[in-house]
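Please read the following note alongside the sequence and the three-dimensional view. The points are meant to be taken in order.

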Amino acid sequence: MGRKVILATCALNQWALDFDGNLRRILKSVEVARSRGARYRLGPELDVCGYGCADHFYESDTLLHCFQVLKELLESPVTQDIICDVGMPVMHHNVRYNCRVIFLNKKILLIRPKMLLANHGNNRELRWFSPWNKPRYVEEYFLPRMIQDVTRQETVPFGDGVLSTNDTCIGSEICAELWNPRSPHVDMGLDGVEIITNSSASYHELSKASRRVSLIRSATSKSGGIYMFANQRGCDGDRLYYDGCAMIAVNGDIVAQGAQFSLEDVEVLTASLDLEDVRSYRGEKCHPYLPEYRPCHRVKVDFSLSESQDVYFPSHEPIEWRFHLAEEEIRNSGRYYSSSTACIVYSMCHQICQAVKNGSAQVLEDVRHVVGNAAYTPKEPRELCGRLFTTCYMASENSSQDTCNRAKDLAAQIGSTHINLNIDMAVKAILGIFSLVTGKLPQFRANGGSTRENIALQNVQARVRMILAYLFAQLSLWAQGRPGGLLVLGSANVDESLTGYFTKYDCSSADINPIGGISKTDLKRFLQYCADKFKLSALHSILAAPPSAELEPLRHGHVSQTDESDMGMTYTELSLIGRLRKISKCGPYSMFCKLIHMWRETCSPSQVAVKVKHFFRMYSANRHKMTTVTPAYHAENYSPDDNRFDLRPFLYNTLWNRQFRCIDEQVTTLSTLRQESEQQWTEPTALGGPSAHCGFVGDAAPDPD
């Protein structure tokens, strides 16, 4: 009697609407799975068309091309004698569903629609799909004629069913269903389903991998079973990065772990597992299925995942999952800002060289294509960085020599092609045109100018740098006699975006911003990690220097302007405020109520009120800038990205009259309570001793107001 099964799950670098490329990668994963003896192959969510098709899901072309790919998969000799599980949109009764299509030997076994859709954070699945609202119910689906011609089936099961093979029972979850409090795996496990699959398009956030692993361990530790997790990898054409992490678990233990960050387009993970381990585990823990529940609809499949003589097959043993530090995740996926972007590129060069050293033909082909040399092979990261990455320090009369030296030193250590130029000539030319037309010449505040003049002069410098960045990106390779052009990488962070501490259409503008979804505090830890990991000593002086835009005149040759002074709060304060605004869903009043406790050791209620009101004035006045900000890789759930993650107005009444009035009233109430508390401490009680009542904020710092 067979009892050991070999299962395969995978992480694929699928791309929205790249139907031919997606087909090749699916077939490659099936080929690898078969070569390792697997009889079930699981792929990521919507791996036929790509997860990020967005409003292209509305188009009939997308459905048509998915079925064309499915037809080729059914006909391919590669997919024979292995159960293949692929994802694609399917329209049933004129309703569009996010589905798994499971087939074997040119026969479709089951189309399983997603029942619990992801509709929070960056996900908008309810915009394009409907959930299947009929648990444990299956209908007939009439196949398109092109599929009927291959399968010789007119209809196939469509709905919440499971597969019952000759030796086990297999059920499906799709991505968000694992994260839901009503996860289908609970009922399936209680009804005897032994293998549960999860096809995901789960995007990366810092430290999110630990939550995935915890959920999967929990799913199998409560009632036993085998759990297979497949995920998307790479970009897929939007702001999200999918980080793989394919895995297989049994009875609460992880037995196979895929890479979280890899340059390979196809990664297949296999494991040999003993079904008797599941049955023994459940025999002790599980009770009979309650009769009032409807059992799973079973689709019988005349096929075995195990072999009759498998006693000598080894079984996978539990492994300890090694989680990346947040700093490592930034490295594998992101003064501090431009230095962080440079370190991410340098880290990428390390990964490329390591992949080529490990024999990755695909990575070698890609890097040769990028550098335009079919014979090139990267030898070490600094040499590759010099071919791929150009850094440019654009100095002005307001730039310090210290900052110039730091940029030069870091460029030398990572090996980038470094350009040092001065923008004063361009700035003076622009101001000359303005002066010629108006007869006025604006002055910096330090030279007697107004605030308007001071800001305008800073903006001119910033916008000139954007123009020069794009000019050099387009023509610097041409000037060297090399083909192609360069992408412009941005270096604005979350905190700048929150407060609008950047100039619209300035040097924050770029083709893509690797660090735009990461806070300053996380970037600081990342730079310290890179300094230690890559021996980049230049980063130590960068970390020690106060962050500055260096757009105002120097004072005695040194920087007089700092970011924190300009913003009116520290980056540490701003990081906390940003998390409260987005993660804790705080408006001005709720944020004040939280911060009077969190900052009670350093700020009085009136000081907290000043900081909260100052933040919301800045935030609301500058929110319009988020409509033009450079697309950034999504890294954390505190992101202010206006594209789809943090949907807010961009035109506000910046007075916040009622909200700020509530804060002021609460400050007055707290001040009164404190005064009463102090009086009770100083006045004698009826017993002649001090009062035991100390008031609501008796331990708060004195209010200077």
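1. Residues are numbered from 1 along each chain as its sequence is written, and side-chain values use heavy atoms, with hydrogens and water left out.

2. The protein chain has an average pLDDT of 90, and 94% of the residues score at least 70; pLDDT is the predictor's confidence in each residue, from 0 to 100. Over residues 685–705, however, pLDDT stays under 50, and the model has 32 contacts beyond four places in sequence for this stretch. A contact means heavy atoms within 4.5 Å. Where pLDDT is low, the predicted coordinates should not be read in detail.

3. The largest nonpolar core has 69 residues, and Leu539 and Phe592 have the most contacts inside it. Helix α9 (residues 336–357) gives the largest share of this core, ten residues. Apart from it lies another core, of 52 residues, including Ile6 and Val90. Such a core is a set of buried Ala, Val, Leu, Ile, Met, Phe, Trp, Tyr and Cys residues joined through side-chain atoms within 4.5 Å. Helices are DSSP runs (H or I, at least four residues), as are strands (E, at least two), numbered from the N terminus.

4. Which residues does Phe592 contact, leaving aside its neighbours within four places in sequence? They are Pro605, Val608, Ala609, Val612, Ile663, Gln666, Val667 and Leu670.

5. Asp495 is found in helix α15 (residues 494–499). Asp495 counts as buried because its relative accessibility is 1%; buried means under 20% relative accessible area, exposed over 50%, and partly exposed in between (1.4 Å probe, protein chains only). Beyond four places in sequence, Asp495 touches Ser519, Lys520, Tyr571, Leu574 and Ser575.

6. Cys245 lies in the loop between β12 (242–243) and β13 (247–250). With a relative accessible area of 1%, Cys245 is therefore buried. Not counting residues up to four places away in sequence, its contacts include Phe229 and Trp321.

Methods: This is a predicted model: local features need pLDDT of at least 70, side-chain atom pairs count only at pLDDT 80 or more; totals for chains, interfaces and linings use all residues.
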